[in-house]
Amino acid sequence: MKEISVSGQKRTETGKKASKMLRKEGLVPCNIYGEKRDEKGLPEALSFVAPMTELRKAVYSPHVYVVNLNIDGQEHKSIIKELQFHPTSDALIHADFYEINEAKDITVGIPVNLIGHAQGVRDGGKLQLQIRKINVTAPYKNIPEKLDIDVTNLELGKSIKVGSLEFEGLKIATPKEVIVCSVKATRASRSAAAAEDAQ
């Protein structure tokens, strides 16, 4: 996985008003969750802020990054857990991170990369990608930047489901019945099939 460094500072003030002021200054309110738990058994969060200029590359990207957070001089190796965007402006308003423990598996969504020229497309169909990422579980050092899926033998009207896929060293966490991609019939392919049937 690609890595990116982001510097942050612990938050001294919380609440909506403080968050609004921070965003005006080009800072994004964030939390990082580790393995520590509170009395209720919930993950403890460290609240901090980070500059939008540094977060931009990790957020507005098809790639999945390991984010090396430096919060007031303390290093935290993490991945993005959740992002919140403004409903109209699409600006990032909050980010949650999850601290990586190198000895433990993490689950993360990895981009799908279709390779090959599907047989169904050669027959006049249209290839449709249904999901952009597949969730996989593994130690973070084993997680690839993308998941290559060969569609060469995919025929017209057929699909590839998550359950038919295997990747070395990775456990797939997305449900097996989820369709990754399919080749749909088009008007041209239906006309060609009708013409063949008429002969």
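This is a predicted model: local features need pLDDT of at least 70, side-chain atom pairs count only at pLDDT 80 or more; totals for chains, interfaces and linings use all residues.

Colleague: How many disulfides does the count give?

Modeller: The count comes to 0 disulfides. A disulfide here needs a pair of cysteine sulfur atoms within 2.5 Å.

Colleague: Which residues of helix 2 are buried, and why do you say they line one face?

Modeller: In helix 2 (residues 52-59), the buried residues are M52, L55, A58 and V59. Looking down the helix axis, these buried residues fall within an arc of 120°, so they line one face of the helix. The face turned away from that buried side carries T53 and K57, which are exposed.

Colleague: What is the strand order of the open sheet?

Modeller: Its 3 strands come in the order 8-13-11, and the pairing is antiparallel. Strand 8 (126-129) and strand 11 (159-161) each have a single partner strand, so each stands at an edge with one side left without a neighbour in the sheet. Neighbouring strands are turned by 10° against each other on average, direction ignored.

Colleague: What makes strand 8 and strand 13 a pair?

Modeller: Pairing takes at least two bridges. Strand 8 is joined to strand 13 (residues 179-184) by 4 bridges, so they pair, and they run antiparallel. Within that stretch, Q128 stands opposite S182 of strand 13.

Terms used. Residues are numbered from 1 along each chain as its sequence is written. Side-chain values use heavy atoms; hydrogens and water are left out. Helices (H or I, at least four residues) and strands (E, at least two) are DSSP runs, numbered from the N terminus. Axes are lines fitted to C-alpha atoms, for helices over the stretch in contact, and angles run from 0 to 180 degrees between N-to-C directions. Buried means under 20% relative accessible area, exposed over 50%, partly exposed in between (1.4 Å probe, protein chains only). The arc is that of the directions from the helix axis to the C-beta atoms.
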